[in-house]
Amino acid sequence: VGCVGVRGSGYGAGMDDATRTDTADLEGAAGRRDLPGLTQALADATVGDEVRAVFLSRRHGAFLVDGIVREGVGGALKVGGVLLTDSARRPDKELRRLGPHADADEPDAVPFELPPHGALVRAVFDHETHGRVALTGVATEGAADDLLVVGGWVVGHDGTWAPRLVSLTVLAAADAHDFVRPPRRESLSFGATEE
């Protein structure tokens, strides 16, 4: 059973069959959300469930997270630290799909070098709070930092791998897939105050 929540497709065409298998749930992320389907899937989800969630973010593009549902502050549900719901358990605005966790045979290995901005990757982390978390999406670099990020998780910094990263697979080079490559991330600004 695939993920519930988005109608439409046409996102990510042009990849080979092996890559398409790894990223099938990302396709259509930019389509219209099935809000009733998402609401029902979230109502059925409980803390401790293993799920696959697909998100669409202006900052990180389309990405998916495989992990364990946790309860956050105020009762919001999260997977891999990414919000699934608000505290009233309404779907987060970036959540596009929710479905059962997809088991994958993940080797514990990383490439010799960090991939470039725009590469399509699958990164697996072991984290004391979130457990084993796998993210698939387009790797992005910052315009003002040396961080390589996928779906909000730091993969590497200044040529060094993140300490909790256990596996990284480059699914497609930056020029070998049709997923949207977000621009290099700008610094977050919270507004200046005058004294």
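Strands here are DSSP runs of E with at least two residues, numbered from the N terminus, and two strands pair if DSSP finds at least two bridges between them.

The model is predicted: local features need pLDDT of at least 70 and side-chain atom pairs pLDDT 80 or more, whereas totals for chains, interfaces and linings use all residues. Residues are numbered from 1 along each chain as its sequence is written, and side-chain values use heavy atoms, without hydrogens and water.

Next, select strand 10 and strand 11 (residues 147–150), an antiparallel pair with two bridges. Within strand 11, L148 is the bridge partner of E141.

Now move to H130, in the loop between strand 8 (120–127) and strand 9 (131–138). Is H130 buried or exposed? H130 is buried, because its relative accessible area is 14%; buried means under 20% and exposed over 50%, with partly exposed in between (1.4 Å probe, protein chains only). Display G81 as well: the side chain of H130 reaches the backbone nitrogen of G81 at 3.4 Å. Beyond its neighbours within four places in sequence, H130 is in contact (heavy atoms within 4.5 Å) with R70, G80, G81 and W153.

Methods: Helix = DSSP H or I, 4+ residues; strand = E, 2+ residues; numbered from the N terminus. Polar contact = N/O pair within 3.5 Å; in protein donor to acceptor, adjacent residues only side chain to side chain.
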